[in-house]
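This report describes one protein model in plain terms. Please look at the sequence and the structure before reading on.

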Amino acid sequence: MLFMRQFDVVAIWCIVTLIAEADMQADYHDPKAEIIAQIGLSSSTFDNPSVYIDTVRSGITGNVAKRILETFDVKRSVAASILQTQESNVARLYNRANIKGNVAEDLLQSLKVNLKALEVFEDKGLVSEWMDTAIPVLDGNTPNSLMDTCEGRSWIIATLDRIEFGEFS
């Protein structure tokens, strides 16, 4: 009889634990996935190299480009450098049906940088502030000033990785 009661207690504890875990998972919202969905990209864009490459090759719409840049309040001057155009032409690119190749890839990579920064800082305001701050490990450059090159974006992500893992702040 004592064994049955202990079994019942263990069974009830297991059920309560499973229910609690299910509730926690139901309440969890992945901000990265939500942002990617709001922008209008596939949820696997950054997780699946084939999807990423197909997206670059087939292109993204001007509206998606606009949402990428507006989601993180990217300044017009930074947007122009990412889009490889002059500031006065940024709005015209938003009306394009399709942006392909290097420009599409630069946009996706800029999104990836901002998503990584959001993952590290957990606040869009802090991301914007950090992106405009001269960072000593980036040779005194602001992250935004490095967003126009692939190497610059890689350097920013490497720096964010170091911050995330506590190598420096």
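**The chain as a whole**

The model is predicted. The protein chain has 9 helices and 0 strands. Read from the N terminus, the order of elements is therefore α-α-α-α-α-α-α-α-α. The chain has 169 residues, and 34% of them are buried. Its accessible surface is about 10,300 Å², and carbon and sulfur atoms account for 55% of that area.

Contacts in the chain can be sorted by the separation of the two residues in sequence. Among contacts between residues at least 6 apart, 59% join residues at least 24 apart.

**Helix 2 against helix 7**

Two packed helices are described by the angle between their axes and the distance between the axes. Helix 2 covers residues 31-39 and helix 7 covers residues 101-121; their axes come within 10 Å and cross at roughly 150°. The crossing of helix 2 and helix 7 is right-handed. On the side of helix 2, the contact is made by K32, I35, I36 and I39, and on the side of helix 7 by L111, L115 and L118. Sorted by type, the residues of this contact are 6 nonpolar, no polar and 1 charged.

**Helix 4 and what covers it**

Which residues of helix 4 are buried? They are G62, V64, A65, I68, L69 and T71. The cover over the buried residues of helix 4 includes helix 2, helix 5, helix 6, helix 7 and helix 8. After helix 4 comes D73, which has a positive phi, near 50°.

**Salt bridges**

Side chains of opposite charge can pair when their charged atoms come close. The structure holds 6 salt bridges.

| Salt bridge | N to O distance |
|---|---|
| K75 and D132 | 3.1 Å |
| D161 and K116 | 2.9 Å |
| R162 and E167 | 3.2 Å |

The salt bridge of K75 with D132 links distant parts of the chain, the two residues being 57 residues apart. K75 is in the loop between helix 4 (62-71) and helix 5 (76-82), while D132 is in the loop between helix 8 (124-131) and helix 9 (150-164). K75 has a relative accessibility of 43%, so K75 counts as partly exposed. D132 also counts as partly exposed, because its relative accessibility is 36%.

The salt bridge of D161 with K116 likewise links distant parts of the chain: D161 is in helix 9 and K116 is in helix 7, 45 residues apart. Are D161 and K116 buried or partly exposed? D161 has 29% relative accessibility and therefore counts as partly exposed. K116 has a relative accessible area of 14%, and the cut-off for buried is under 20%, so K116 is buried.

In the pair of R162 and E167, the side chains meet in a salt bridge. R162 is partly exposed because its relative accessible area is 33%. E167 has 53% relative accessibility, and exposed means over 50%, so E167 counts as exposed.

T55 lies in helix 3, which covers residues 49-58. T55 is buried because its relative accessible area is 13%. Leaving aside its neighbours within four places in sequence, T55 is in contact with L41, T45, I60 and L108.

Helix 6 holds A91 and Y94. A91 counts as partly exposed because its relative accessibility is 38%. From C-alpha to C-alpha, A91 and A80 are 9.6 Å apart in space, and they are 11 residues apart in sequence.

Y94 counts as buried because its relative accessibility is 16%. How far apart in space are the C-alpha atoms of Y94 and G62? They are 3.9 Å apart, although Y94 and G62 are 32 residues apart in sequence. Beyond its neighbours within four places in sequence, Y94 is in contact with G62, N63, A65, K66 and L69.

Terms used
Residues numbered from 1 in each chain as written. Predicted model: local features only at pLDDT ≥ 70, side-chain atom pairs only at ≥ 80, totals over all residues. Heavy atoms only, no water. Axes fitted to C-alpha atoms, helices over the stretch in contact; angles between N-to-C directions. Helix = DSSP H or I, 4+ residues; strand = E, 2+ residues; numbered from the N terminus. Left-handed = near helix turned anticlockwise from the far one by under 90°. Contact = heavy atoms within 4.5 Å. Nonpolar A, V, L, I, M, F, W, Y, C, P; charged D, E, K, R; others polar. Salt bridge = Lys/Arg side-chain N within 4 Å of Asp/Glu carboxyl O. Buried < 20%, exposed > 50% of the residue type's maximum accessible area, 1.4 Å probe, protein only. Areas by Shrake-Rupley, 256 points an atom, 1.4 Å probe, with all protein chains shown as cover.
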